[in-house]
Amino acid sequence: MIAELLSDRVWVGLALVTVLYLLDYRLSIIGHRWFKRGADRHYDMGGSYELNPPFIEDIEAERPVSVRHLIALARIWLIVSLAWWFTVRAGRLEGLYLGVVGFFVLTQLPVHMRHVQNIVLFRFVALKGGVEGRAQAARWLDLKVSAAILWYFAAAYVLLWVLTGEYLFVGGAVGTALAGARFWIFGGEAESDTSG
């Protein structure tokens, strides 16, 4: 049913992508605000709250609108629209299109999970305490933990694909695996910067 809805109407995939990516940016701002409201007295994250390099400046400045983020979203819209046109409209390859949608949509689920974890933790720390002292974590550690979480979701999506045969999960597995590899590489670079 979901597969048919996504493949029959391109706007459904575009709407999902838009909502999730705009929410990702908004949750980044909220998490950053709670971090700066008192959690930063207890946690040193070894750099910016934001892990994705293109958006660090916008999140640190808490810009309500990020031109970089909107450009990235426009690129995703273009990819999803072209994928729909060439796979569903012109070629009747719905599975490939669903994989493209899954690549962008399902990659956001672990990202949103991390945002919610951070917001809840930082909010409680800022408002109620519960943490004493100061923890200092290397930047590379947070990047590699994020990679591991993304790979965990990639494995879960592979399992869901095996169980359901839905290509949406193949796209999610590829998207989260690649995002995990990207953060692992960033973590390796940050680690070599601190040891070198």
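Arg92 has its place in the loop between H4 and H5, where helices (H or I, at least four residues) and strands (E, at least two) are DSSP runs, numbered from the N terminus. Its phi is near 55°, a positive value in a residue other than glycine. Most residues other than glycine have a negative phi, and most peptide bonds are trans. With a relative accessible area of 56%, Arg92 is exposed, a class that means over 50%, while buried means under 20% and partly exposed lies in between (1.4 Å probe, protein chains only).

The model is a predicted one, in which local features need pLDDT of at least 70 and side-chain atom pairs count only at pLDDT 80 or more, whereas totals for chains, interfaces and linings use all residues. Residues are numbered from 1 along each chain as its sequence is written, and side-chain values use heavy atoms, with hydrogens and water left out.

Glu62 counts as partly exposed because its relative accessibility is 21%.

Seen as a whole, the protein chain has eight helices and two strands, which follow one another along the sequence in the pattern α-α-β-α-α-α-α-β-α-α. Its C-alpha atoms fill a box of roughly 60 × 35 × 30 Å, taken along the principal axes. Of the 196 residues in the chain, 43% are buried. Among contacts (heavy atoms within 4.5 Å) with a separation of 6 or more, 77% join residues 24 or more positions apart.

The axes of H4 and H5 come within 8 Å and cross at roughly 165°, where axes are lines fitted to C-alpha atoms, for helices over the stretch in contact, and angles run from 0 to 180 degrees between N-to-C directions. H4 is therefore roughly antiparallel to H5, since angles over 145 degrees count as roughly antiparallel, those under 35 as roughly parallel, 65 to 115 as roughly perpendicular and the rest as oblique. The crossing of H4 and H5 is left-handed, a term used if the near helix is turned anticlockwise from the far one by less than a right angle, and right-handed if clockwise. On the H4 side the contact is made by Ile76, Ile79, Val80, Ala83, Trp84, Thr87 and Val88, and on the H5 side by Glu94, Leu96, Tyr97, Val100, Val101 and Phe104. By class, this contact of H4 with H5 has 11 nonpolar, one polar and one charged residues; Ala, Val, Leu, Ile, Met, Phe, Trp, Tyr, Cys and Pro count as nonpolar, Asp, Glu, Lys and Arg as charged, and the others, Gly among them, as polar.

Several of these names return in the nonpolar core. Such a core is a set of buried Ala, Val, Leu, Ile, Met, Phe, Trp, Tyr and Cys residues joined through side-chain atoms within 4.5 Å. The largest one has 27 residues, of which Val17, Val80, Tyr97, Val101 and Phe104 touch the most other members. Helix H1 (2-8), H2, helix H4 (67-89), helix H5 (94-105), helix H7 (139-164) and helix H8 (167-195) each supply at least two residues of this core. Apart from it lies another core, of 14 residues, among them Leu27, Ala39, Phe55 and Ile119. In soluble globular proteins, nonpolar side chains tend to be buried together. Val80 itself, leaving aside its neighbours within four places in sequence, is in contact with Leu14, Val17, Tyr97, Val100, Val101 and Phe104.

Lys144 lies in helix H7 and counts as buried, because its relative accessibility is 15%. Not counting residues up to four places away in sequence, Lys144 touches Trp184, Gly187, Gly188 and Glu191. Arg182, found in helix H8, counts as partly exposed at 34% relative accessibility. Leaving aside its neighbours within four places in sequence, Arg182 is in contact with Asn52, Pro53 and Pro54.
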